[in-house]
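This note is meant for a colleague who is meeting the structure for the first time. Please read the numbered points with the sequence and the model at hand.

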Amino acid sequence: MKEFAAEIEKLAEKVLDLLCENLGLEQGYLKRAFAGSKGPTFGTKVSSYPPCPRPDLVDGLRAHTDAGGVILLFQDDRVSGLQLLKDGAWVDVPPMRHAIVVNIGDQLEVITNGRYKSVMHRVLTRPDGNRMSLASFYNPSADAVIFPAPALLEELSKRAGSAVYPRFVFEDYMNLYLLHKFEAKEPRFQAMKADAAPIATA
């Protein structure tokens with residue numbers, strides 16, 4: 001597991017650099033944005049969803065977006081259950097052997113000023129088959145100050161736009177998220193904007 005986690009953490013950083021390239025940001029920008037005083041955090045969670053005789057009555061995992069940065073998921077290669085919300089409809093993410101599902105969290109939505117969106121997703125229970133998953137989370141440091149990348153705001157201002165997202169400390173967002181995880185993300189962003197106080201970013 002230590003070897004697995006170390007390689008997945010490296011892959012998460014490569015994914016972040018690919019996002020930087022796509023956004024026109026300098027390499028390493030997103031990793032630095034996550035760093036805070038102690039560096040980004042990383043963890044892996046193993047989940048098991050046993051067979052359920054009444055899947056119409058029980059959720060495997062209720063609909064939510066992920067609070068953090070980038071999530072790399074190895075899902076079961078035989079038993080399905082993961083769905084994401086696209087254009088108002090739930091879409092299956094089919095099992096695929098040796099594939100990694102990359103999920104964007106709320107913090108990347110903020111830093112990219114909405115160029116990338118965190119994805120609402122859920123897990124359904126199944127009447128037959130035990131579903132396993134390995135989810136690895138590459139997140140900001142607790143004291144990281146999260147805000148839209150200035151380079152993206154400069155580009156937006158040329159089109160007469162403005163910053164849509166607030167500036168906040170990641171730990172403060174997590175405290176709010178824990179109370180409202182299974183609710184829409186937009187009120188969380190609005191609450192952080194309403195509570196915003198000047199934060200040093202140097």
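The points below treat the cores, the aromatic rings, the salt bridges, the surface and the backbone in turn.

1. Basis of the note. The model is predicted: local features need pLDDT of at least 70, side-chain atom pairs count only at pLDDT 80 or more, and totals for chains, interfaces and linings use all residues. Residues are numbered from 1 along each chain as its sequence is written, and side-chain values use heavy atoms, with hydrogens and water left out.

2. The largest core. A nonpolar core is a set of buried Ala, Val, Leu, Ile, Met, Phe, Trp, Tyr and Cys residues joined through side-chain atoms within 4.5 Å. Buried stands for under 20% relative accessible area, exposed for over 50%, and partly exposed for what lies in between (1.4 Å probe, protein chains only). The largest such core has 35 residues, and those with the most contacts inside it are L16, Y29, L30, V70, L108 and I111. Two or more residues each come from α1 (2–23), α2 (29–35), β3 (70–75), α3 (106–111), β9 (145–146), β10 (168–169), α5 (170–180) and α6 (185–194). Helix α1 gives the largest share, seven residues. Helices (H or I, at least four residues) and strands (E, at least two) are DSSP runs, numbered from the N terminus.

3. Which residues does L16 touch, leaving aside its neighbours within four places in sequence? They are L30, K31, F34, V70, L108 and Y138, where contact means heavy atoms within 4.5 Å. A second core, separate and made of eight residues, includes I71, L82, V93 and V123.

4. Q107. This residue of helix α3 is buried, with a relative accessible area of 0%. Apart from neighbours within four places in sequence, Q107 is in contact with A67, G68, P140, I146, F168, F170 and Y173.

5. Aromatic rings. A pair of aromatic rings is described by the distance of the centres and the angle of the planes. Rings of Phe, Tyr and Trp (its six-membered ring) pair if their centres lie within 6.5 Å; planes under 30 degrees apart count as stacked, over 60 as edge-to-face and the rest as tilted. The structure holds six such pairs. In one of them, the ring centres of Y173 and Y177 are 6.4 Å apart and the planes stand at 25°, so this pair is stacked. Y173 and Y177 are four residues apart in helix α5, which means that about one helical turn separates them. Both of these tyrosines, Y173 and Y177, are buried. Ring pairs also join Y165, F168, Y173, Y177 and F189 into a cluster.

6. A salt bridge is a side-chain nitrogen of Lys or Arg within 4 Å of a carboxyl oxygen of Asp or Glu. The count by this rule is eight. One of them joins E13 and K31, with the closest N and O atoms 3.3 Å apart. Because E13 lies in helix α1 and K31 in helix α2, the pair ties together parts that are 18 residues apart in sequence. E13 is partly exposed at 23% relative accessibility, and K31 is partly exposed at 38%.

7. What separates R188 and D106, N to O, in their salt bridge? The distance is 2.9 Å. R188 belongs to helix α6 and D106 to helix α3, so the pair ties together parts that are 82 residues apart in sequence. R188 is buried, with a relative accessible area of 2%, and D106 is buried at 0%. K185 and E109 also form a salt bridge (2.7 Å, N to O). It ties together parts that are 76 residues apart in sequence, because K185 lies in helix α6 and E109 in helix α3. K185 and E109 are both buried.

8. Backbone and strand details. D87 is not a glycine, yet has a positive phi of about 50°. D87 is found in the loop between β4 (82–86) and β5 (89–92) and is exposed at 75% relative accessibility. H98, likewise a residue other than glycine, has a positive phi near 65°. H98 lies in the loop between β5 and β6 (101–104), and its relative accessible area of 68% makes it exposed. V169 lies in strand β10 and counts as buried at 18% relative accessibility.
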